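Subject: Structure handover and notes

Dear colleague,

Please find below the structure that I promised to pass on to you. My notes on it follow, with the cut-offs given where each term comes up.

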Amino acid sequence: MQVKTIALSGGEPLLYPDLDYIIELVGALGMTSVMATCGAGLSEKRIGELKKAGLGQIWISLNGSTKDIHEKSRDGYIYAIEALNRLKGTDLFYGINWVARKDNTDDFPNLVDLAGELKAIAINILRLKPDSKSHAAGALDGEHLSRLAAYVRSCKSSGMGIFIEKCFSILRTGIYGSKGLHTGCPAGRDLMAISADGHFLPCRHLYHGEKESSIEGYWNNSSVLDRLRGTEENIEYPCRDCTHLPHCRTCRAACQKLYGSFYAGEKNCPIYEERRDCIV
């Protein structure tokens with residue numbers, strides 16, 4: 001099906017017993033494997049094993065340049081720092097996964113400096129997803145989004161690669177406006193997921209688990225994926241009336257969990273811009 005990349009995440013993929021075999025298989029089939037991990041258990045020996053298996057990229061979860069900032073949102077600061085220091089001595093492509101939050105926005109320039117010291121190749125900025133109780137405490141408001149956008153623009157000159165995940169299209173739009181290739185939620189368009197227990201999902205944050213006999217069958221026949229592909233035509237206010245909709249199409253998992261509807265609009269969106277031709 002001409003898939004290019006297999007992303008291995010969790011939970012924690014280092015706990016998966018067949019991880020090395022999967023990485024080897026991905027490489028044997030001409031694809032690239034990318035792994036996200038908290039770093040716990042990533043010893044020099046384990047790094048060597050993953051490299052031998054053919055791992056293409058490894059991303060370490062780190063939400064702050066200091067222990068205090070990181071542990072406002074997740075545990076394990078020391079594991080992440082130790083893992084990044086061990087990776088410095090390898091030729092693996094490695095970077096940092098950073099979840100944008102109100103409590104770490106102003107730390108972003110410090111994180112860029114730390115990433116440079118640790119010789120990370122890039123920082124990947126992730127949107128804060130709602131938790132199991134559909135809460136997203138700490139999600140960026142307009143003020144924090146504007147500040148982060150300014151930090152990202154200013155840090156571009158640092159030489160550090162800075163990526164923004166596709167579903168964080170609000171930040172992408174806040175930085176680039178309608179320019180560039182950023183088309184929002186990729187679920188059902190150029191991405192899908194498979195859980196460790198064999199359920200097919202639109203993405204790992206959209207818990208619409210389905211059983212199918214093949215990936216191709218799921219991709220072509222899933223009613224959930226079909227609904228996702230019709231987001232622009234069915235999305236609700238305020239997104240439906242926003243001039244940014246064609247290049248934004250914000251995260252479906254977040255909107256469903258926060259607002260209770262598959263096609264919910266991003267209520268209180270900090271970049272909402274009313275279309276002049278719309279009738280409300």
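S61 is part of strand β3, which spans residues 57-61; helices (H or I, at least four residues) and strands (E, at least two) are DSSP runs, numbered from the N terminus. Because its relative accessible area is 13%, S61 is buried, where buried means under 20% relative accessible area, exposed over 50% and partly exposed in between, with a 1.4 Å probe and protein chains only. Neighbours within four places in sequence set aside, S61 is in contact with T37, C38, H70, R74, A80 and N97, contact meaning heavy atoms within 4.5 Å.

Before going further, please note that this is a predicted model, in which local features need pLDDT of at least 70 and side-chain atom pairs count only at pLDDT 80 or more, while totals for chains, interfaces and linings use all residues. Residues are numbered from 1 along each chain as its sequence is written, and side-chain values use heavy atoms, with hydrogens and water left out.

**Nonpolar cores and a surface patch**

The largest nonpolar core holds 49 residues, and F108, I123 and I125 are those with the most contacts inside it; such a core is a set of buried Ala, Val, Leu, Ile, Met, Phe, Trp, Tyr and Cys residues joined through side-chain atoms within 4.5 Å. The helix that gives the most to this core is α4 (residues 77-87), with 6 residues. Another core, of 15 residues, lies apart from it and includes C167, A187, Y218 and A254. When neighbours within four places in sequence are left aside, the contacts of I125 include W98, A100, F108, L148 and V152, and also I162, F163 and I164.

M1 is in the segment before β1 (5-8), and M1 counts as exposed because its relative accessibility is 60%.

**Helix α1**

In helix α1 (residues 19-28), the buried residues are L19, I23 and V26. They lie on the same side of α1, because they cover an arc of only 60° around the axis, the arc being that of the directions from the helix axis to the C-beta atoms. The exposed residues Y21 and A28 are carried by the face of α1 turned away from its buried side, whereas β1, β2 (32-37) and α2 (44-53) are included in what covers the buried residues of α1. After α1 comes G30, with a positive phi near 80°.

**Salt bridges**

There are 16 salt bridges in the structure, each defined as a side-chain nitrogen of Lys or Arg within 4 Å of a carboxyl oxygen of Asp or Glu. One of them joins the side chains of D20 and R46, at 2.5 Å from N to O. That pair links distant parts of the chain, with D20 in helix α1 and R46 in helix α2, 26 residues apart. D20 is partly exposed, with a relative accessible area of 22%, whereas R46 is buried at 16%. A further salt bridge brings together D141 and K102, at 3.8 Å from N to O. Since D141 is in the loop between β5 and α6 (142-155) and K102 in the loop between β4 (93-99) and α5, this pair ties together parts that are 39 residues apart in sequence. Through salt bridges that share partners, D20, K45, R46 and E49 are joined into one network.

**Backbone points to check by eye**

Two peptide links deserve a look. The bond from G10 to G11 is cis, with omega near 5°, and G11 is placed in the loop between β1 and α1. Y237 and P238 are also joined by a cis peptide bond, with omega about 5°, and P238 is in the loop between α10 (231-234) and α11. The C-alpha atoms of P238 and N268 are separated by 8.3 Å, although these residues are 30 residues apart along the chain.

Kind regards
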